[in-house]
Amino acid sequence: SRFWTRAMREVTQPLLLVVANQDGIVPERVATSAARAWGGSDVTTLRIGTPEDWYAHADLFVGHASPEIVFAPIERWLRDRT
């Protein structure tokens with residue numbers, strides 16, 4: 001809704017978007033729409049998966065390489081901002 005989009009423009013904290021390349025629940029165009037509405041300048045998109053090793057929604061949490069390709073980058077992103 002327009003209310004939420006306007007409200008997001010007022011938020012200036014850093015934003016990390018985590019996007020799975022084959023997410024049928026939250027497709028990339030939907031997930032990254034937050035970046036266009038965000039009020040802050042520190043916006044990072046972490047794209048997970050390749051054409052050969054694709055990731056869907058839950059794979060972000062339970063995928064065989066999630067600790068290395070999802071959780072470690074999130075931890076680095078958080079550490080860089082503390």
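**Questions on a predicted model**

Student: Between which helices does the loop with Thr 32 lie?

Tutor: Helices here are DSSP runs (H or I, at least four residues), numbered from the N terminus. Thr 32 belongs to the loop that joins two of them, helix 2 (28-31) and helix 3 (33-37). This is a predicted model, in which local features need pLDDT of at least 70, side-chain atom pairs count only at pLDDT 80 or more, and totals for chains, interfaces and linings use all residues. Residues are numbered from 1 along each chain as its sequence is written, and side-chain values use heavy atoms, with hydrogens and water left out. The helices asked for are helix 2 and helix 3.

Student: Is Thr 32 buried or exposed?

Tutor: Buried means under 20% relative accessible area, exposed over 50%, and partly exposed in between, with a 1.4 Å probe and protein chains only. The relative accessible area of Thr 32 is 12%, so Thr 32 is buried.

Student: Which residues does Thr 32 touch, not counting residues up to four places away in sequence?

Tutor: Contact means heavy atoms within 4.5 Å. With residues up to four places away in sequence left out, those that Thr 32 touches are Leu 17, Val 19, Thr 45 and Arg 47.

Student: How many aromatic pairs does a search of the whole structure find, and which residues form a pair?

Tutor: Rings of Phe, Tyr and Trp (its six-membered ring) pair if their centres lie within 6.5 Å, and planes under 30 degrees apart count as stacked, over 60 as edge-to-face and the rest as tilted. The search of the whole structure finds one aromatic pair. At 5.0 Å centre to centre and 75° between the planes, this edge-to-face pair is formed by Phe 3 and Trp 4.

Terms used. Helices (H or I, at least four residues) and strands (E, at least two) are DSSP runs, numbered from the N terminus.
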